[in-house]
Every structure is written in C-alpha cells, then in structure tokens.
Amino acid sequence: MNTKSIVSGGVCILIGSFFGLSALTSLKIGTSTNMGPGYFPLSLAIILIAIGAYIALKALGERSDGFRFNLSAVPWRGALLICVSPLILGLTIRGMGLAPAIFLTAIVSAFASRAQTIKTAVLVSVALTIFCVLIFGVILKLPIPIIGPWFGL
C-alpha cells in the first residue's frame, strides 16, 4: 500500500467533492445541450474525483513506501507562490488590465520552481500574456481592458 498516493488521491477526491457540491448547490447545472454556469465546474469536479479515486485505488495494490509526513520536506516557497498567484490576478486585473496582470501572475508563479531562471520566467510570462490577450481580449472580447486604469492610458 503506497500511502503517499492514497493521500494524494484522497486530497483530489476532497477538492473535487467540495467544488462539485458547491456547483450543485449554488449554480444552475443545465443539460448537455443547454449548459448552465454550473455545468463545467461540475464536470471538472467529477473528473477530479475520478482521477483521485483511480490514484487511491491503484495505490492500494502497490508496495509500501514507509511514508511519514515531514513538514520540513514541504516546498513552502513553491506552495506559497502558487497559492498567492491567483490572488494577485484577482486583485490586479481590473486596475492593471489583462496584459500586466497576467504577466505579473505568470512571473510570480514561475518562481515557484527553484530551477527557474529569470530569462526563462520572463519568456514564458511574455508568451502566456500574448496568448491570454489573444484568446480573452481579441477572440472572446471579454470586457476586461488590455491595459487598465492604473496606468492612466
């Protein structure tokens, strides 16, 4: 029995269950031909629960890994930066606009990895920013300014 994988699968099941129940109780689901705002989150929650169940069930047949939880082994820097990144996007997108907010969020999340270099982080952030501006700003025409009012443009 592989305890790490069982715990990982359980976490996926818990997160999927939370978001699935949230979608079921607070959003209209709709049908496949007339999707409501809860259809996609519920679908993703079901997929996440299924993946978690697969991981946990597969781990039951694996060899024991002698897993012991060790707080010092947790990559705190990466965990913190990944958790803070969506907050940065949410807090800056209206004021900074789509492009700068995406760039800032991508830069912050890029440094969650200790192996990341500044050059690579900037290149990936620029590419992600261009991609998001094209998709959300040009193709989908979301009502989010590309450059926001904080820049006075």
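Biologist: How many helices and strands does the protein have?

Modeller: Five helices and zero strands, and keep in mind that this is a predicted model. Read along the sequence, that gives the pattern α-α-α-α-α.

Biologist: Which residues in α3 and α4 meet?

Modeller: From α3, you've got L81, I82, S85, I88, L89, T92, I93 and M96. They meet L98, P100, A101, I102, L104, T105, V108 and S109 in α4.

Biologist: What makes the radius of gyration of the protein stand apart from that of a compact globule?

Modeller: Just set the two values side by side. A compact globule of 153 residues would come in near 15 Å, but the protein has 20 Å. As for the box its C-alpha atoms fill, that's roughly 60 × 45 × 20 Å along the principal axes.

Biologist: And what percentage of the 153 residues is buried?

Modeller: That's 26%, with buried meaning under 20% relative accessible area.

Biologist: Among contacts between residues at least 6 apart in sequence, what percentage joins residues at least 24 apart?

Modeller: For this protein, 61% of those contacts do.

Note on methods: Residues are numbered from 1 along each chain as its sequence is written. This is a predicted model: local features need pLDDT of at least 70, side-chain atom pairs count only at pLDDT 80 or more; totals for chains, interfaces and linings use all residues. Side-chain values use heavy atoms; hydrogens and water are left out. Contact means heavy atoms within 4.5 Å. Helices (H or I, at least four residues) and strands (E, at least two) are DSSP runs, numbered from the N terminus. The radius of gyration is taken over C-alpha atoms; the globule rule is 2.2 Å times the number of residues to the power 0.38. Buried means under 20% relative accessible area, exposed over 50%, partly exposed in between (1.4 Å probe, protein chains only).
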